[in-house]
Amino acid sequence: MINLYDEDANVIGEVTRERMRAENLWHGCVLTVVFSSDGERVYVHRRTDTKDVFPGLYDYAAGGVIDAGETPDVAARRELSEELGVEAPLTFLFQTTYVDEQTRYHAWVYETRTDGPFTHQPEEVAWGGWMDLGELRGKIDDPGWPLVPDGREIGQEWLRRSGS
């Protein structure tokens with residue numbers, strides 16, 4: 001079960017993940033950008049080919065859907081631990097929305113700094129490694145690079161807001 005949201009990002013109930021996907025219902029997601037401790041690099045990973053959404057594409061954030069009863073802060077810590085096997089202090093950056101033909105959600109965006117070590121969740125992460133922030137900026141703006149579409153849109157907002 002996951003939190004069901006209204007258009008204004010208020011939790012209005014709970015719903016199964018399957019129903020949310022089938023009916024394109026508003027839900028909540030968290031994204032955490034993982035910087036190296038010096039702030040020069042971002043940890044990027046490739047999603048497994050078996051993921052139900054955006055299989056095999058790259059992502060620069062650890063994240064996922066907010067479970068029923070979870071706050072965004074709790075979900076962000078859980079997703080970071082599940083996907084990358086790390087625990088680190090989180091800094092909340094901003095809240096936004098993402099909408100396309102297949103999904104619509106409210107996103108809470110965080111950042112953290114850690115040098116790992118990283119332990120990938122095998123069902124979700126096929127590969128991971130460091131990317132220079134400047135290179136990532138170029139990849140986010142490159143429509144030919146196989147980045148998750150929501151990550152591209154939210155990444156452009158993140159870069160605008162951060163002045164990067």
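1. Let's start with the pocket lining. By class, the largest pocket is lined by 11 nonpolar, 7 polar and 10 charged residues. Here Ala, Val, Leu, Ile, Met, Phe, Trp, Tyr, Cys and Pro count as nonpolar, Asp, Glu, Lys and Arg as charged, and the others, Gly among them, as polar. A pocket is an open set of points on a 1 Å grid over the protein atoms alone, where a 1.4 Å probe fits, with protein on both sides within 12 Å along at least five of seven lines; lining residues have an atom within 4 Å of a point.

2. A word on the source: this is a predicted model, in which local features need pLDDT of at least 70 and side-chain atom pairs count only at pLDDT 80 or more, while totals for chains, interfaces and linings use all residues. Residues are numbered from 1 along each chain as its sequence is written, and side-chain values use heavy atoms, with hydrogens and water left out.

3. The largest pocket holds about 540 Å³ of space, a volume being the space filled by probe spheres set on grid points joined across faces, edges and corners. Among its 28 lining residues, Arg21, Arg47, Val53, Gly64 and Val65 lie nearest the centre. Two or more lining residues come from each of α1 (17-23), β3 (27-35), β4 (41-47), β6 (61-65), α2 (72-84) and α4 (149-162). Of the elements, β6 gives the most, with 5 residues. Helices (H or I, at least four residues) and strands (E, at least two) are DSSP runs, numbered from the N terminus.

4. The unreviewed UniProt entry carries a "binding site" annotation that covers Glu79 and Glu83; such annotations may be inferred rather than shown by experiment, and their positions are given in the numbering used here. Both Glu79 and Glu83 are included in the lining of the largest pocket.

5. Are these two glutamates buried or exposed? Glu79, in helix α2, counts as buried at 6% relative accessibility. Glu83, found in helix α2, is buried with a relative accessible area of 3%. Buried means under 20% relative accessible area, exposed over 50%, and partly exposed in between (1.4 Å probe, protein chains only).

6. Their contacts (heavy atoms within 4.5 Å) are worth a look. Leaving aside neighbours within four places in sequence, Glu79 is in contact with Val30, Gly63, Gly64, Val65 and Leu84. With residues up to four places away not counted, Glu83 touches partners including His45, Gly63, Thr119, His120 and Glu124.

7. On to the rings: the count comes to 10 aromatic pairs. Rings of Phe, Tyr and Trp (its six-membered ring) pair if their centres lie within 6.5 Å; planes under 30 degrees apart count as stacked, over 60 as edge-to-face and the rest as tilted. Tyr5 and Trp108 have ring centres 5.6 Å apart and planes at 45 degrees, so this pair is tilted. Because Tyr5 lies in strand β1 and Trp108 in strand β8, the pair ties together parts 103 residues apart in sequence. Both residues, Tyr5 and Trp108, are buried.

8. The pair Tyr43 and Trp130 is edge-to-face, because the ring centres are 5.3 Å apart and the planes at 85 degrees. Tyr43 counts as buried at 6% relative accessibility, whereas Trp130 counts as partly exposed at 29%.

9. Finally, some backbone details to check. The peptide bond from Gly116 to Pro117 is cis, with omega near 10 degrees, and Pro117 sits in the loop between β8 and β9. Phe54, although not a glycine, has a positive phi of about 55 degrees.
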